[in-house]
Amino acid sequence: MSANTRTKVAYAEVEEGTELPARVFPVDRATLVRYAGASLDFNPIHWNERFAVEVGLPNVIAHGMFTMAEAIRVVTDWVGDPGAVLEYGVRFTKPVVVPDDGVGAEIRVAARVAAKLDDERRTVRIDLTAHSDEQKVLGLARAVVRLP
C-alpha cells in the first residue's frame, strides 16, 4: 500500500488504548550495510563480527538510529502521513544483535494510543514497545502525532 492510498486515521475515531497494527522488521547483515551507506555510519561494530566481539559485544549490532527508524514505521504506517509525527524519542536499552546465520534478527514493534493530548490540535501520544530476541531494545519510546 503506498502512502497515497492509505486511509488516514481520524482523531475523532481514536480512543486511548487503541492498538496500532504490530509489525516485525527483519534485519540481516545486508540491511546493516545498506543502512551504513545511507547514514555514513561505518562503525565496524555494525558489520565486523571480529571487531564487535573484541570490544565486548556479543556480535554485530544494528545501528540504534536504524532500530528507532524501523519502530516509528508502525506509527507512520498507521497515521498514513509521516509528516504527522510532531515528536519522537526513545532510549536505547539493548542492542539488536544481528548474527551472520542467513536469517539475522527481527525487531518486533507494538504501539498503542496512550493519551489524547489536545482536542483542538488533534494530537495523541503513541507509546511503542520494541523487542528483539525477547529483549526490550527501546525504552520510553513515544511519539506525538497530529491526526486529521
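How much accessible surface does the protein chain have, and what share of it belongs to carbon and sulfur atoms? The accessible surface comes to about 8,300 Å², and 51% of it belongs to carbon and sulfur atoms.

**View 1. The protein chain as a whole.** The model shown is predicted. The protein chain contains 3 helices and 5 strands, which follow the order β-α-α-α-β-β-β-β from the N terminus on. Along the principal axes, its C-alpha trace spans about 55 × 30 × 25 Å. Of its 148 residues, 39% count as buried. Among contacts between residues at least 6 apart in sequence, 67% join residues at least 24 apart.

**View 2. The largest nonpolar core.** This core has 36 residues. L20, W78, I107, V109, I126, L128 and L147 are those with the most contacts inside it. Two or more residues each come from β1 (19-27), α3 (64-79), β3 (105-118), β4 (123-132) and β5 (135-146). The most is given by α3, with 8 residues.

**View 3. The surroundings of L147.** L147 is one of the residues with the most contacts inside the largest nonpolar core. Leaving aside residues up to four places away in sequence, L147 touches V9, A10, Y11, V14, W78, V79, R122 and V124. Of these, W78 is also listed among the residues with the most contacts inside the core.

**View 4. The largest pocket.** The volume of this pocket is about 240 Å³. Its lining is made up of 14 residues, and E106, S132, D133, E134 and Q135 lie nearest the centre. The elements giving two or more residues to the lining are β3 and β4, and β3 gives the most, with 3 residues. By type, the lining divides into 5 nonpolar, 4 polar and 5 charged residues.

Technical notes
Residues are numbered from 1 along each chain as its sequence is written. This is a predicted model: local features need pLDDT of at least 70, side-chain atom pairs count only at pLDDT 80 or more; totals for chains, interfaces and linings use all residues. Side-chain values use heavy atoms; hydrogens and water are left out. A nonpolar core is a set of buried Ala, Val, Leu, Ile, Met, Phe, Trp, Tyr and Cys residues joined through side-chain atoms within 4.5 Å. Buried means under 20% relative accessible area, exposed over 50%, partly exposed in between (1.4 Å probe, protein chains only). Helices (H or I, at least four residues) and strands (E, at least two) are DSSP runs, numbered from the N terminus. Contact means heavy atoms within 4.5 Å. On a 1 Å grid over the protein atoms alone, a cavity is a set of points where a 1.4 Å probe fits but cannot get out, and a pocket is an open set with protein on both sides within 12 Å along at least five of seven lines; lining residues have an atom within 4 Å of a point. Grid points are joined across faces, edges and corners, and a volume is the space filled by probe spheres set on the points. Ala, Val, Leu, Ile, Met, Phe, Trp, Tyr, Cys and Pro count as nonpolar, Asp, Glu, Lys and Arg as charged, and the others, Gly among them, as polar. Accessible areas come from the Shrake-Rupley method with a 1.4 Å probe; for residues, only the protein chains shown count as cover.
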